[in-house]
Amino acid sequence: MIRRTLRPAGDTPLLHRIASILLRYPDETVLARLDEVAAALPALSNAADRDRLAAVTGRLRGLSPTEAAQAYVETFDHTRHRCLHLTYYRHGDTRARGMALLALKHVYRQTGHEPPDSELPDFLPLVLEFASLAPEPGRRVLLQCQSGLELLRQALRDRDDPYTPVLEAVCGRLPQPRGRDRDILRRLAADGPPHEQVGLEPFAPPEYLTGTSTASTTSTSGDGIR
């Protein structure tokens with residue numbers, strides 16, 4: 001069930017844009033945008049969010065490209081605990097996930113945004129970029145994927161990971177899970193994603209299965225952070 005309480009603050013699209021950049025693989029393009037990110041942070045109204053995102057930005061600016069890349073790969077290690085592909089947490093590698101990916105791509109297209117072929121549509125930085133450009137449908141996507149967001153946040157907290165503040169800021173702009181949603185979170189935290197053991201075919205059409213590494217990036221150059 002999608003909840004529409006807690007109307008998002010007016011600067012939420014900006015927060016999503018910044019978080020999208022910070023959660024991408026730190027290649028030369030992303031690292032070159034950190035000064036731009038730092039310049040945009042004062043426009044965030046919430047001091048805690050400013051501090052969270054400033055801490056991650058400052059840390060990345062202090063690392064060499066090799067150090068930043070190594071830290072990113074160690075954090076987002078493609079396991080069930082720290083995966084940036086949000087539908088994986090709820091559906092695992094099942095046919096249900098394939099349907100969820102198709103539904104996400106349809107949402108993007110309905111608002112005039114074509115997701116890149118180089119990345120799955122549930123890749124968190126891509127979802128956040130979409131939410132910054134199309135706030136209402138983007139918020140609905142984040143709510144639909146909230147179980148994945150919360151599990152990722154908890155996994156980062158558990159290892160005291162430097163990327164944790166970004167998830168804290170993103171999750172803090174959503175209502176707290178309640179009722180059935182909390183039950184789903186407890187089950188997924190205990191059991192992990194579901195699996196299909198017999199007759200499992202590829203969980204998405206061929207166009208989804210190219211370039212799915214978290215190291216790939218999408219349109220981070222854009223027209224500036226706004």
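Reply: One definition is needed at the outset: a residue is called buried when its relative accessible area is under 20%, and exposed when it is over 50%. The model is a predicted one.

Me: What makes S132 buried or exposed?

Reply: S132 has a relative accessible area of 12%. Buried means under 20%, so S132 is buried. The residue lies in helix α8, which covers residues 124-133. Leaving aside neighbours within four places in sequence, S132 is in contact with P13, H16 and R17.

Me: How is L14 classed, and why?

Reply: L14, a residue of helix α1, has 10% relative accessibility and therefore counts as buried, the cut-off being under 20%.

Me: Which residues of α4 are buried, and why are they said to lie on the same side?

Reply: The buried residues are D49, L53, V56, T57 and L60. They cover an arc of only 100° around the axis, which puts them on the same side of α4. An α-helix has 3.6 residues a turn, so residues three or four places apart point the same way. The buried residues of α4 pack against α1, α2, α3, α5 and α11. At the start of α4, a side-chain oxygen of N46 comes within 2.9 Å of the backbone nitrogen of A48; a polar contact requires a pair of N or O atoms within 3.5 Å.

Me: What contacts does L53 make, and which residues touch the most other members of the largest nonpolar core?

Reply: Apart from neighbours within four places in sequence, L53 is in contact with L15, I18, L22, L41, L44, V166 and A169. In the largest nonpolar core, of 51 residues, I18, L22, L53, L124 and L149 touch the most other members.

Me: What is the reach of helix α7, and which of its residues are buried?

Reply: Helix α7, residues 95-110, has 16 residues and reaches 23 Å from its first C-alpha to its last, close to the expected 22 Å. Its buried residues are R97, G98, A100, L101, L104, K105 and Y108. They cover an arc of only 160° around the axis, which puts them on the same side of α7. M99 and Q110, on the other side of α7, are exposed. The helix is followed by G112, whose phi is positive, near 85°.

Me: How many disulfides are counted, and what makes C83 and C145 buried or exposed?

Reply: A disulfide requires a pair of cysteine sulfur atoms within 2.5 Å; by this rule the count is zero. C83 has a relative accessible area of 9% and is therefore buried. C145, with 7%, is likewise buried.

Me: What does the secondary structure of the protein come to, and what share of its residues is buried?

Reply: The protein has 12 helices and zero strands. Buried residues make up 50% of its 226 residues. Of the contacts between residues at least 6 apart in sequence, 73% join residues at least 24 apart.

Methods
Residues are numbered from 1 along each chain as its sequence is written. This is a predicted model: local features need pLDDT of at least 70, side-chain atom pairs count only at pLDDT 80 or more; totals for chains, interfaces and linings use all residues. Side-chain values use heavy atoms; hydrogens and water are left out. Helices (H or I, at least four residues) and strands (E, at least two) are DSSP runs, numbered from the N terminus. Buried means under 20% relative accessible area, exposed over 50%, partly exposed in between (1.4 Å probe, protein chains only). Contact means heavy atoms within 4.5 Å. A nonpolar core is a set of buried Ala, Val, Leu, Ile, Met, Phe, Trp, Tyr and Cys residues joined through side-chain atoms within 4.5 Å. The arc is that of the directions from the helix axis to the C-beta atoms. A polar contact is a pair of N or O atoms within 3.5 Å; within protein, one must be able to donate a hydrogen and the other to accept it, and residues adjacent in sequence count only if both atoms are side-chain atoms. The expected span of a helix is 1.5 Å times one less than its number of residues.
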